[in-house]
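Biologist: Please show me the model. Then let us take it by question and answer.

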Amino acid sequence: MTELHPAGILAKSDCFYIAAPIIDAPWEVNKNVEMTISDIINNLKIWDINNYNLNKIEKALWFATVYGGLVLIYTCDPVVPISRLHIDSGLSFVKEENHKPKEMKDLDLIKAWAFIFNGNEIEGLNMLSGSLIYPENFSWSVGGKYKIAVRGIKY
């Protein structure tokens with residue numbers, strides 16, 4: 001199997017996800033994403049996500065892993081990455097019992113992305129922080145030892 005950094009979906013709105021591979025994340029790599037990427041690399045296949053039967057969350061994790069960094073993904077069909085950023089801020093992750101994913105409006109999520117894109121990283125990330133969409137039972141906040149990987153695939 002190809003070695004990957006575990007990816008998570010940090011924020012969600014009606015038609016967008018923000019996802020990222022996390023260095024030494026406290027959860028495992030999604031197995032379907034791992035098998036898909038390994039199949040592509042090991043068998044020299046084309047990098048076409050449509051050749052695999054992944055659900056919307058797995059597609060978002062796949063894009064985050066393949067592109068690396070913080071990835072903005074459109075999810076209202078087709079599921080496609082729109083933008084990627086690299087950030088310096090560390091994140092913290094905490095196990096939580098009462099998982100209630102934060103549902104944002106598209107405009108609020110895009111506004112947070114614009115803050116990050118414009119260099120107001122901490123303010124934008126704070127707008128997004130809360131319960132992870134994937135994996136469940138974790139919440140996140142700005143400031144901590146976990147870094148977003150520049151690449152999700154370990155070379």
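Modeller: Some terms to begin with. Buried means under 20% relative accessible area, exposed means over 50%, and partly exposed lies in between (1.4 Å probe, protein chains only). This is a predicted model: local features need pLDDT of at least 70, side-chain atom pairs count only at pLDDT 80 or more, and totals for chains, interfaces and linings use all residues. Residues are numbered from 1 along each chain as its sequence is written, and side-chain values use heavy atoms, with hydrogens and water left out.

Biologist: Which class does Ile41 fall into, by relative accessibility?

Modeller: Ile41 sits in helix H1 (residues 31-42). Helices (H or I, at least four residues) and strands (E, at least two) are DSSP runs, numbered from the N terminus. The relative accessibility of Ile41 is 29%, so Ile41 counts as partly exposed.

Biologist: Which residues does Ile41 touch, not counting those up to four places away in sequence?

Modeller: Contact means heavy atoms within 4.5 Å. Asn55 is 14 residues from Ile41 in sequence and 20 Å away in space, C-alpha to C-alpha. With residues up to four places away not counted, Ile41 touches Thr2, Trp47 and Ile153.

Biologist: With which side chain does the side chain of Ser83 make a polar contact?

Modeller: Ser83 belongs to strand S4 (residues 80-85) and is buried, at 19% relative accessible area. A polar contact is a pair of N or O atoms within 3.5 Å; within protein, one must be able to donate a hydrogen and the other to accept it, and residues adjacent in sequence count only if both atoms are side-chain atoms. Beyond four places in sequence, the contacts of Ser83 include Leu70, Val71 and Phe117. The polar partner, at 3.4 Å, is the side chain of Trp113.

Biologist: What is the handedness of the disulfide of Cys15 and Cys76?

Modeller: A disulfide is a pair of cysteine sulfur atoms within 2.5 Å; Cys15 and Cys76 have theirs at 1.9 Å. Cys15 lies in the loop between S1 (7-13) and S2 (16-21) and Cys76 in the loop between S3 (70-74) and S4, so the pair ties together parts 61 residues apart in sequence. The torsion about the S-S bond is about -90°, so the disulfide is left-handed.

Biologist: How wide an arc do the buried residues of H4 cover around the axis?

Modeller: In helix H4 (residues 121-128) the buried residues are Glu121, Gly124, Leu125 and Leu128. They lie on the same side of H4 because their arc, taken from the directions from the helix axis to the C-beta atoms, is only 95°.
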